[in-house]
Structure formats: C-alpha cells, structure tokens
Amino acid sequence: REGKKPEIICWFFENSEDKRISGLLNSFGMTKFLITYHYLVYGDDITRNQIKEFGYYIRKLTDILDPKLIVCMGEEAQLSFFKRKFVMEDFHGKQIGEHDSIPIYTTFPIFYYEERSEYEDKSFKEHIKKVDWEKIKEVYSKVVKKW
C-alpha cells in the first residue's frame with residue numbers, strides 16, 4: 001500500500017532455531033528482519049576457512065538487500081564479514097565494525113541462552129540476553145525510524 005512500509009519477515013530455512021530467533025526479535029519489538037545462515041556448506045566438518053569463503057555470498061546478499069543493521073549471532077557468523085573473530089566474552093552486545101557503513105553487532109547464538117552450563121545459571125544468561133538485545137534494539141529503533 002502507498003505510504004505504508006511492509007514488514008520484512010523472512011528466512012531461508014524454517015526450522016525450530018529460526019522460529020526461536022524470530023520469537024526473540026519479536027519479543028524485543030523488532031519486526032523488520034531477515035534471518036540467514038552464515039554459511040551453506042555441505043558436510044559435518046566445516047572449517048573456518050570454508051565459512052570465510054562463503055562470506056563472499058553473505059556480503060553480496062547484504063549488498064543486494066541493503067539492511068540498516070547486521071547482527072552476527074556467534075563467533076562463526078562474524079567470519080562472514082571479518083577475517084578474525086571477536087571473542088564473545090568481550091564483545092557481546094557491542095558494535096564490532098561496519099560493512100559499507102552498516103553497523104555490525106554481535107551477540108551469542110540463540111542456543112547459548114537455552115543450554116545448561118555448570119558455570120552460568122539461567123538468570124545470568126537471561127540477564128546477558130536482555131542487556132545485549134536492549135542495546136541492539138536501541139540501534140535498531142534508530143535505523144528503522146530513518147527507513
């Protein structure tokens with residue numbers, strides 16, 4: 001419709017992890033997004049070099065779609081845009097760089113918040129998720145408002 005921007009809710013593969021990610025984004029009021037995998041390489045023993053090589057296609061897809069914000073969920077996803085990874089312990093919830101002036105943030109993969117650990121309790125992980133995604137939502141709100 002004229003004057004109304006469409007919501008972009010799309011993913012390449014619909015599996016339970018994708019649904020959890022879209023649920024997380026919706027719970028923070030983020031409704032305009034595209035979910036994609038950081039690599040589509042066959043096999044079980046995928047190397048970091050293969051992920052970096054596939055990054056060419058992720059960057060091309062990014063150039064075509066021209067998003068306003070990129071969120072890499074996990075260290076491996078960062079390899080689509082960078083030659084080195086940013087350690088999650090130090091960089092989660094923070095901007096780690098840009099791609100053609102598009103800010104790139106990083107946070108933990110969705111399964112991190114749900115898996116049990118003997119070192120981190122559920123409330124700690126919920127706190128990390130809330131803090132990280134509130135920061136990301138703040139940037140999202142600014143760039144979507146401009147759109």
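## Strand β5

Six of the six residues of strand β5 (residues 102–107) are buried, so the strand is largely enclosed by the rest of the structure. Buried means under 20% relative accessible area, exposed means over 50%, and partly exposed lies in between, with a 1.4 Å probe and protein chains only. Burial in β5 applies to both faces: I102, I104 and T106 are buried on one side, and P103, Y105 and T107 on the other. Helices (H or I, at least four residues) and strands (E, at least two) are DSSP runs, numbered from the N terminus.

This is a predicted model, in which local features need pLDDT of at least 70 and side-chain atom pairs count only at pLDDT 80 or more, while totals for chains, interfaces and linings use all residues. Residues are numbered from 1 along each chain as its sequence is written, and side-chain values use heavy atoms, with hydrogens and water left out.

## Partners of β5

Two strands pair if DSSP finds at least two bridges between them. With β3, strand β5 pairs in the parallel sense over four bridges. With strand β4 (residues 94–99), the pairing is antiparallel and runs over five bridges. T106 in β5 is the bridge partner of C72, and T106 is also the bridge partner of K94.

The hairpin of β4 and β5 has two residues between the strands, and D100 there takes a positive phi near 50 degrees. D100 is exposed, with a relative accessible area of 60%.

## Overall layout

The protein has six helices and five strands. Along the sequence they follow the pattern β-α-β-α-β-α-α-β-β-α-α. Of the 147 residues in the protein, 36% are buried.

A positive phi is also found at D66, where the value is near 50 degrees in a residue other than glycine. D66 belongs to the loop between α2 and β3 and is partly exposed, with a relative accessible area of 44%.

## The largest pocket

Rolling a probe the size of a water molecule over the atoms shows where empty space is left. On a 1 Å grid over the protein atoms alone, a cavity is a set of points where a 1.4 Å probe fits but cannot get out, and a pocket is an open set with protein on both sides within 12 Å along at least five of seven lines; lining residues have an atom within 4 Å of a point. Grid points are joined across faces, edges and corners, and a volume is the space filled by probe spheres set on the points.

The largest pocket has a volume of about 1300 Å³. Its lining consists of 44 residues, and L34, I35, T36, I70 and V71 lie nearest its centre. Two or more lining residues come from each of α1 (16–27), β2 (33–35), α2 (48–65), β3 (70–73), α3 (75–78), α5 (110–114) and α6 (122–146). By class, the lining has 31 nonpolar, six polar and seven charged residues. Ala, Val, Leu, Ile, Met, Phe, Trp, Tyr, Cys and Pro count as nonpolar, Asp, Glu, Lys and Arg as charged, and the others, Gly among them, as polar.

## Aromatic residues

Rings of Phe, Tyr and Trp (its six-membered ring) pair if their centres lie within 6.5 Å; planes under 30 degrees apart count as stacked, over 60 as edge-to-face and the rest as tilted. By this rule there are seven aromatic pairs. In one of them, F54 and Y57 have ring centres 5.5 Å apart and planes at 45 degrees, so the pair is tilted. F54 and Y57 are three residues apart in helix α2, and therefore separated by about one helical turn. F54 is buried at 16% relative accessible area. Together with Y56, residues F54 and Y57 form one aromatic cluster.

In another pair, the ring centres of F82 and F86 are 5.2 Å apart and the planes stand at 80 degrees, so the pair is edge-to-face. F82 is buried, with a relative accessible area of 17%, and F86 is buried at 7%. F81, in the loop between α3 and α4 (88–91), is buried at 17% relative accessibility. F81 and G97 are 16 residues apart in sequence and 8.9 Å apart in space, C-alpha to C-alpha.

## Charges over rings

A charge sits over a ring if NZ of Lys or CZ of Arg is within 6 Å of the ring centre and within 35 degrees of the ring normal. K125 lies over the face of Y112, 4.5 Å from the ring centre. The charged end of K129 sits over the ring of Y113, at 5.8 Å from its centre.
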